Amino acid sequence: MSSIGTGYDLSASTFSPDGRVFQVEYAMKAVENSSTAIGIRCKDGVVFGVEKLVLSKLYEEGSNKRIFNIDRHVGMAVAGLLADARSLAEVARDEASNFRSNYGHDIPLKHLSERVAMYVHAYTLYSAVRPFGCSFILGSFDKDDGAQLYMVDPSGISYGYWGCAIGKAKQAAKTEIEKLQMKDMTCRELVKEVAKIIYIVHDEVKDKAFELELSWVGEVTNGRHELVPKDVREEAEKYAKDSLEEEDDSDEDNM
Amino acid sequence: MEKRCLDAQFKGVSTGVSKYNALNHHFYVSSKTINKVIQVHDRIFCCMAGSLADAQAVLKTAKFHLSFHSVQMESSPQVIAAASVLKELCYKNKDELQAGFITAGWDRKKGPQIYVVSLGGMLIKQEVTIGGSGSTYIYGYVDAKYRPNMSREECLQFATNALALAMGRDNVSGGVAHLVVITESGAEHTVVPGDKLPKFHDE
């Protein structure tokens, strides 16, 4: 639903006559222009997958990571303006660090996402600043509370999810995610499915090369958020590519 | 067998030592019935040590802070959280304060726990701990008689005995014993007058 908010869209401190804050909506459009990131929660952990578009062959492999570590047990996958996302990752890290210093234990993910969401929301209140142009997905795993997944968008709301997607192909990704029975899957099974979804939603025509960033946190990593090890990643990417080929073949047969 | 943590008062009196004469070691006992075991949350209690004025002020702040934290978290605070709040206050203000605490309680994640926050703000976890002027007289007793995984009755008896022995020997301890038992189902605070405590051969 796109519309022009002429006159009411110049600052975040203005409502339009139909009750919208256009600056926040424009910030969300910035997220929609970025490549896709997904996060899925399963019974023993959380897996993140990011389609990182490689704009130039001159880039060093692995540069401009879009998955961050916020404290040992929390991971963050982002979509939108990367500089804004980096700044928010620092905010999240400070929150987690202060919590640990004050209360002696890991910050619960719900609390962390609410605190960072409050921070993001603050930037939607004043004309002197602009809203953050990024959404991000936070995930963690704890022996007592299990796996948790939260998403924060530029308006400053945080939602808890079993699976969510942000970025340009979020609709297509959500459709694929809904097909999964994530509550019954383990992280090892889920990693392959996440890789497959990223490969499915990647647009070969419009965007050429991409790097797949995969990370997980769960029983398999003892509650620490880590990038997926090389062998697991290669197995996942192979599974993804093979699944795509199968679908292509079956399409040809149908013709 | 359930592991119970017992928080027992090991200092029986407060010494009003504003007129403490370092040369002659004169002590004035202002009260023998002050309660130094304060509840900071439903299942978390703290014993005070050091300057009671400082300890009371710190505990009041910590109690508020913890209550606010528990509302934000939408759940009861962990015992380590209570101890950490005290630790931050003691450490950050170590130049002005003379207060130490024994924090004990029960939480859903780790069950019964005891943490000691010393004067300068060190925080350590212990299974059993003693403090105060009378504690010097019962180190041997505690070291010898403590066993892990005692039952509730054994633990209570152990603590009561330890207190009685300390109160018997320390000239500035005595009066009443405050005993608090904290478990999953709640906290019970009993006050035992000195003459009702077990008797030993210390006279």
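Q: Contact means heavy atoms within 4.5 Å. Leaving aside neighbours within four places in sequence, which residues is Ile70(A) in contact with?
A: Ile70(A) is in contact with Met76(A), Ala89(A), Ala92(A), Arg93(A), Ala96(A), Leu112(A) and Leu138(A), once neighbours within four places in sequence are left aside.

Q: Before we go on, what kind of model is this?
A: It's a predicted model, where local features need pLDDT of at least 70 and side-chain atom pairs count only at pLDDT 80 or more, while totals for chains, interfaces and linings use all residues. Residues are numbered from 1 along each chain as its sequence is written, chains are lettered from A and ligands numbered from 1 in the order written, and side-chain values use heavy atoms, with hydrogens and water left out.

Q: OK, back to Ile70(A). Which residues touch the most other members of the largest nonpolar core?
A: Ile70(A) is one of them, along with Met76(A), Leu88(A), Leu112(A), Phe136(A), Leu86(B) and Phe101(B), in a core of 49 residues. A nonpolar core is a set of buried Ala, Val, Leu, Ile, Met, Phe, Trp, Tyr and Cys residues joined through side-chain atoms within 4.5 Å. Buried means under 20% relative accessible area, exposed over 50%, and partly exposed in between (1.4 Å probe, protein chains only).

Q: Where does the largest share of that core come from?
A: From H2(B), with nine residues. Helices (H or I, at least four residues) and strands (E, at least two) are DSSP runs numbered from the N terminus.

Q: New topic: is Ser135(A) buried or exposed?
A: Buried, with a relative accessible area of 4%. Ser135(A) sits in strand S5 of chain A, residues 134-142. Not counting residues up to four places away in sequence, Ser135(A) touches Val31(A), Ala77(A) and Ile166(A), among others.

Q: And how many residues of each chain are in contact with the other chain?
A: 14 residues of chain B contact 13 residues of chain A. The two chains bury about 1100 Å² between them, 46% of it on carbon and sulfur atoms. Buried area is the accessible area (1.4 Å probe) that two parts lose on being put together, summed over both.

Q: How many salt bridges does the rule find across that interface?
A: Five. The rule wants a side-chain nitrogen of Lys or Arg within 4 Å of a carboxyl oxygen of Asp or Glu. Lys110(A) forms a salt bridge with Glu74(B), for example, with the closest N and O atoms 3.4 Å apart.

Q: Which helices of chain B each supply at least two residues of the side that touches chain A?
A: Helix H1 (52-73) and helix H2 (79-92) of chain B. H2(B) gives the largest share of that side, six residues.
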